[in-house]
Amino acid sequence: MTTTPSPTPTPPPGAVPATMLLALALCGAIGPFATDTYLPALPLIVDEFGVSASTAQLTLTAFMVALAAGQLVIGPLSDRTGRRGLLIAGSIGTAVAAVVCALAPNIWVLLAGRVAQGFFGAAGVVLTKAVVVDVGRGAGVAKAFATLMAIQSVAPVIAPLVGGAVVPFGGWRGVFWLLGALAAVTAVGVAVAVPESLDPADRRAGGVRATVSGMRTVATHFPFAARVTVFVSTFGVLFAYISASPFIYQDMVGLSPTAYAIAFTVNALGILVSNLAGARLVGRFAPEKLMGAGVAGMVVAIAFLVVVVALSPAGTLALAPVTVGFILLTLSIGTVLPNAVALAMQATRGNSGAGSALLGAAQFSLAALVSPLTGLAGPHSAAPMLAVMGTCAAVAVLAARAVFSRPVRAT
């Protein structure tokens, strides 16, 4: 008796190939990884160049500004020239910029290298979203974004740990040699696994005026604007947590820096878990419903944290309830973000590069605004963090209601 071999499972319609998705995930993770990896080395940079801590921290600020600005340039440009060439050029440019940083003879060369690293790194951040929209269709887009964010969410979690492991052996320059090697590997991965995704017939013609017009069209397109507002405001909640968590855990709960790092990692796993779960659930539930459930969960988590703070003695918090609240928060955020970005990008077909650029620029701009606000009342108060979270969550709720009122339409 002969047996018929079971057929190889076929991917769902509109799915993004796994090898391409992995290459895109690595490409998009370079920016966040380069943001945090060298943070443990900042004191060494201060000592070697004889500069103040604030001057050394300019290398981080300059990187973030260049990362946001680069997206506004590279995203719309890719709508005219295609994605693949810019992705490869961005990875190579990031590698070269890392070498410049590793060989920097003074703080100003290091600063210039970080600006270049941020600008070229923006290609991976902005174009990975555009490629997914070019290739994927329907639920495949949301599934791809969930998987993409699950992989990329690991980068900011392990980056400081990797930096802390490299610095004792290679110093702060060793961190940049590592970043250069990773960017070079990423360039090879893109060259091998990511074909050109934007058909020449779908590319936009014209120069700067056409680019600005395309960005204006996307920005004023209601379905896109509503979905981006959900994404950006939810990211604001996340960044409020990230900015305030060192003070919450160390100054109010009383953890050591090492214990805080462990607590932060445990909480960050909430985003990873919900991203992985979302990649499976998106085939059963519409992305809008998953996003709405995540927004509701986020509101519940913030309300829980408000109660915890209100019932705690002034300036102190207990570890268990705070951690429960933060885990509920990260699980909810990890459900909102991939579905919101998938829905937003689906509303930009024909202008995906411009849409991704606007999304990224708004995301990092809000993060820059949120960070200082969470510390307005000092290290022993959680009130500013909760106020920022509550405001961002309220905006997310209103925007989510608008999402359900309008179906997705491409620009």
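Predicted model: local features only at pLDDT ≥ 70, side-chain atom pairs only at ≥ 80, totals over all residues.
**Entry 1: search.** I searched the whole structure for aromatic pairs and found six. Among them is the pair of Trp172 and Phe176, whose geometry I noted as edge-to-face, with 6.0 Å centre to centre and 85° between the planes. The label follows because planes over 60 degrees apart count as edge-to-face.

**Entry 2: position in the chain.** I then asked where Trp172 and Phe176 lie in the chain. Both belong to helix α7 (residues 154-193), and because they are four residues apart there, about one helical turn separates them.

**Entry 3: a second pair.** Next I examined Tyr241 and Phe326, an aromatic pair that I recorded as tilted, with 4.7 Å centre to centre and 55° between the planes. This pair links distant parts of the chain: Tyr241 is in helix α9 (residues 222-253) and Phe326 is in helix α12 (residues 319-346), 85 residues apart.

**Entry 4: cluster.** I returned to Trp172 and Phe176 and found that they form one aromatic cluster with Phe49.

**Entry 5: charge and ring.** Finally, I looked up which ring the charged end of Arg114 sits over. It is the ring of Phe63, and the charged end of Arg114 lies 4.2 Å from the centre of that ring.

Methods
Residues numbered from 1 in each chain as written. Heavy atoms only, no water. Phe/Tyr/Trp six-rings, centres within 6.5 Å; stacked < 30°, edge-to-face > 60°. Helix = DSSP H or I, 4+ residues; strand = E, 2+ residues; numbered from the N terminus. Lys NZ or Arg CZ within 6 Å of the ring centre and 35° of its normal.
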